[in-house]
Amino acid sequence: MNSQNTDVTITKGGSYEISGSFNHSVIIDAENEDVEILLNNVEITNEKTAAIIGLAAKSLTVQLSDGSENTLSDGGNSEYDGCIFSNCELIFTGNGKLTVNGNQNEGEGIATEDITINSGTFVITSNDDGINAGGDGAEITVNGGNIYVNASGDGIDSNKNAVINGGMVFVIGSDTGGDSGIDTDLGYTIN
């Protein structure tokens with residue numbers, strides 16, 4: 001990927017490995033198909049919009065290659081208002097590390113319909129919410145992993161509910177404007 005000079009668009013289901021660094025976006029546009037992307041020591045930066053954009057898929061799984069260190073950064077002010085933006089179910093697996101820098105104006109670290117984190121280490125900073133689940137799904141589930149969020153808005157924000165079954169979650173949300181560490185419309189459960 002080091003020589004990639006345009007956006008990378010995935011249009012079919014399946015598994016794809018991404019490595020190296022480039023200054024564009026990875027776009028998933030595979031209607032009703034399951035897509036998995038394996039991040040293996042990547043550094044993706046887009047100064048104008050999201051680094052990963054899940055336009056259409058049945059589900060999008062982001063696997064963090066074991067022992068890998070991955071960094072995603074966005075910028076600007078776009079309709080894809082998260083460093084990782086997804087219109088479909090978003091699942092994280094693997095035992096690597098993912099640093100997410102949500103630098104868009106009023107942008108979020110991760111913005112999606114529905115998110116499940118099974119494992120991995122996450123360091124998320126953002127100009128608004130750290131992790132935001134909106135739309136019809138709007139559920140955040142944490143089954144494992146180590147999650148560190150430093151947000152200028154809500155640390156974790158769900159339009160429905162959040163369930164934490166395992167892992168370690170450290171959250172700093174803004175102390176102004178009604179923001180908080182965890183904000184849900186229907187409550188949250190820590191098991």
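Mentor: We will take the sheets, then the aromatic pairs, then the cavity.

Mentor: This is a predicted model, so local features need pLDDT of at least 70 and side-chain atom pairs count only at pLDDT 80 or more, while totals for chains, interfaces and linings use all residues. Residues are numbered from 1 along each chain as its sequence is written, and side-chain values use heavy atoms, with hydrogens and water left out.

Trainee: OK. In what order do the 8 strands of the open sheet come?

Mentor: The order is E1-E3-E5-E8-E11-E14-E17-E20, with parallel pairing. Strands here are DSSP runs (E, at least two residues), numbered from the N terminus. Two strands pair if DSSP finds at least two bridges between them.

Trainee: Which strands stand at the edges?

Mentor: Strand E1 (8-10) and strand E20 (182-184) do. Each has a single partner strand, so one side of each is left without a neighbour in the sheet. From one strand to the next, the twist averages 10° (axes are lines fitted to C-alpha atoms, and angles run from 0 to 180 degrees between N-to-C directions).

Trainee: What about E14 and E17, how many bridges there?

Mentor: Strand E14 (residues 131-133) and strand E17 (residues 156-158) pair in the parallel sense over 3 bridges. Ile-131 has Ile-156 in E17 as its bridge partner.

Trainee: And which residue stands opposite Val-100 in E13?

Mentor: That is Ile-124. Strand E13 (residues 121-126) pairs with E10 in the parallel sense over 6 bridges. E10 (residues 97-102) also pairs with strand E7 (residues 69-73), in the parallel sense over 5 bridges. There, Leu-72 stands opposite Val-100.

Trainee: Switching topic. How many aromatic pairs are there?

Mentor: There are 3 aromatic pairs. Rings of Phe, Tyr and Trp (its six-membered ring) pair if their centres lie within 6.5 Å; planes under 30 degrees apart count as stacked, over 60 as edge-to-face and the rest as tilted. One of the pairs is Phe-92 with Phe-122, edge-to-face, at 5.2 Å centre to centre and 85° between the planes. Phe-92 lies in strand E9 (residues 89-94) and Phe-122 in strand E13, so the pair ties together parts that are 30 residues apart in sequence.

Trainee: Is Phe-92 buried or exposed?

Mentor: Phe-92 is buried, with a relative accessible area of 0%. Phe-122 is buried too, at 0% relative accessibility. Buried means under 20% relative accessible area, exposed over 50%, partly exposed in between (1.4 Å probe, protein chains only).

Trainee: And what sort of pair do Tyr-148 and Phe-170 form?

Mentor: A stacked one, 5.0 Å centre to centre with 5° between the planes. Tyr-148 lies in strand E16 (residues 146-151) and Phe-170 in strand E19 (residues 168-172), so this pair ties together parts that are 22 residues apart in sequence. Tyr-148 is partly exposed at 36% relative accessibility, and Phe-170 is partly exposed at 38%.

Trainee: Last topic, the largest cavity. Which residues line it?

Mentor: The lining is Ile-140, Val-142, Ile-156, Ala-162, Ile-164, Ile-182, Tyr-188 and Thr-189. On a 1 Å grid over the protein atoms alone, a cavity is a set of points where a 1.4 Å probe fits but cannot get out, and lining residues have an atom within 4 Å of a point.

Trainee: Which strands each supply at least two residues of that lining?

Mentor: Strand E15 (139-142), strand E18 (161-164) and strand E21 (188-190).

How values were computed
Helix = DSSP H or I, 4+ residues; strand = E, 2+ residues; numbered from the N terminus. 1 Å grid on protein atoms, 1.4 Å probe; cavity = no way out; pocket = protein on both sides within 12 Å on 5 of 7 lines; lining within 4 Å.
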